[in-house]
Amino acid sequence: MSLTRRQTAAALLALPLALTATPALAHGGAGGGPRGRTLHIAGDSTAAQKYADAAPETGWGMALPFFLGGPLAVANHAVNGRSSRSFVDEGRLTALLDGVRPGDLVLVQFGHNDEKTEDPARGTDPWSTYQEYLRLYLKGARERRARPVLITPVERRRFADDGTARPTHGEYPAAMRALAAEERVPLIDVQALSLARWQELGPDGTEALFNWLEPGASPNYPDGRQDNTHFRPAGAIEVARTTARALLDARVLAPRDVRGLDAHVPERRITWPQPA
């Protein structure tokens, strides 16, 4: 799992882009004031910052700042297509940890691409290599006196013929739950929470949350889109709200750290910057 100099250098060069792409970094530290805490997100496309050429696809990390109060910032390092393995092997964990300070939080959500076991660069086994790689995130955060938090992968939109929401992540959520208990770190079970929410909304009610588009609805998808993995603004807001509320319930965040958990968030608040 060692990194080459080239991988580490590439990740460090990419770090300023990852930070400037995160609107919530404007919270705290502005004007020379005391530095607030930062929530660093390590994850995949379901959480990642999206750009104008992908709109209206939206990662939940883009909406998380709407539910944070006080001097809390978000550094969204999540990247499309990454697994717990490839995020480390590409030097991205090294880049993330370089910005971590005592008291920060490191939120770790992987699973979607770990499941691609046919790809040796990304695939992991839930009960061995998946847990081994996740331990590197925990170790890195602890060494910097930050608090690691494991987040099970958000569920896809899959329903049985009878309308029952179906889990799609196999043994990966269970493996993460077991690791969290063993390592005594907070677990935010977004897989279970999102599955229950999709069940409440049903097949029709969830369609508006995911990147389902009619032909011509978006210039980025002229032929339309039927994406049951990635979100539109409403879905990203829903998952971010769920995550913030769960962080509060787990006492990872205090009441003063969150805001608007029951408030309506207009979708127009989501914006997509131009690609660098």
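Me: The structure holds 17 salt bridges. What makes a pair a salt bridge here?

Reply: A side-chain nitrogen of Lys or Arg must lie within 4 Å of a carboxyl oxygen of Asp or Glu. Before we look at examples, please note that this is a predicted model, in which local features need pLDDT of at least 70 and side-chain atom pairs count only at pLDDT 80 or more, while totals for chains, interfaces and linings use all residues. Residues are numbered from 1 along each chain as its sequence is written, and side-chain values use heavy atoms, without hydrogens or water.

Me: How do you know that Asp 257 and Arg 37 form a salt bridge?

Reply: Their closest N and O atoms are 2.9 Å apart, and the pair therefore meets the cut-off. Asp 257 sits in the segment after helix 8, and Arg 37 in the loop between helix 1 (5–20) and strand 1, 220 residues away. Helices and strands here are DSSP runs numbered from the N terminus (H or I, at least four residues, for helices; E, at least two, for strands).

Me: Why is Asp 257 called buried, and what is Arg 37 called?

Reply: Buried means under 20% relative accessible area, exposed means over 50%, and partly exposed is in between (1.4 Å probe, protein chains only). Asp 257 has 7% relative accessibility, so it counts as buried. Arg 37 has 27%, so it counts as partly exposed.

Me: Which salt bridge does Lys 50 make, and with what distance?

Reply: The side chain of Lys 50 meets that of Glu 57, at 2.9 Å from N to O. Lys 50 has a relative accessible area of 2%, so it is buried. Glu 57, with 6%, is buried too.

Me: What makes Asp 262 exposed?

Reply: Its relative accessibility is 72%, so Asp 262 counts as exposed. Its salt-bridge partner is Arg 245, at 2.8 Å from N to O. Arg 245 belongs to helix 8 and Asp 262 to the segment after it, 17 residues apart. Arg 245 has 29% and therefore counts as partly exposed. Elsewhere, salt bridges with shared partners join Arg 135, Arg 142, Glu 182 and Glu 183 into one network.

Me: How do you know that the buried residues of helix 6 are on the same side?

Reply: Let's start with the list: Tyr 172, Pro 173, Ala 175, Met 176, Leu 179 and Ala 180 are the buried residues of helix 6. They cover an arc of only 160° around the axis, which puts them on the same side of the helix; the arc is that of the directions from the helix axis to the C-beta atoms. Ala 181 and Glu 182, on the other side of helix 6, are exposed. The buried residues pack against strand 3 (105–109), helix 5 (129–143), strand 4 (147–151), strand 5 (187–188) and helix 7 (190–207).

Me: What makes a set of residues a nonpolar core?

Reply: The members are buried Ala, Val, Leu, Ile, Met, Phe, Trp, Tyr and Cys residues joined through side-chain atoms within 4.5 Å. The largest one here has 42 residues, and Leu 39, Ile 41, Leu 64, Phe 67, Leu 107, Trp 198 and Leu 247 touch the most other members. Strand 1 (38–43), helix 2 (60–63) and helix 8 (233–249) are among the elements that each supply at least two residues of this core. Helix 8 gives the most, with eight residues. A second, separate core of 24 residues includes Ala 42, Tyr 133, Ala 141 and Ala 180.

Me: Which residues does Leu 247 contact, leaving aside its neighbours within four places in sequence?

Reply: Leu 247 is in contact (heavy atoms within 4.5 Å) with Leu 39, Leu 107, Val 149, Ile 188, Val 252 and Leu 253.

Me: Why does Ala 146 count as buried?

Reply: Ala 146 has a relative accessible area of 9%, so it is buried. Ala 146 lies in the loop between helix 5 and strand 4. Its C-alpha is 4.8 Å from that of Asp 104, though the two are 42 residues apart in sequence. Not counting residues up to four places away in sequence, Ala 146 touches Val 100, Arg 101, Gly 103, Asp 104, Val 106 and Ala 141.

Me: And what is Arg 101 called?

Reply: At 39% relative accessibility, Arg 101 is partly exposed. Arg 101 is in the loop between helix 4 (92–98) and strand 3.
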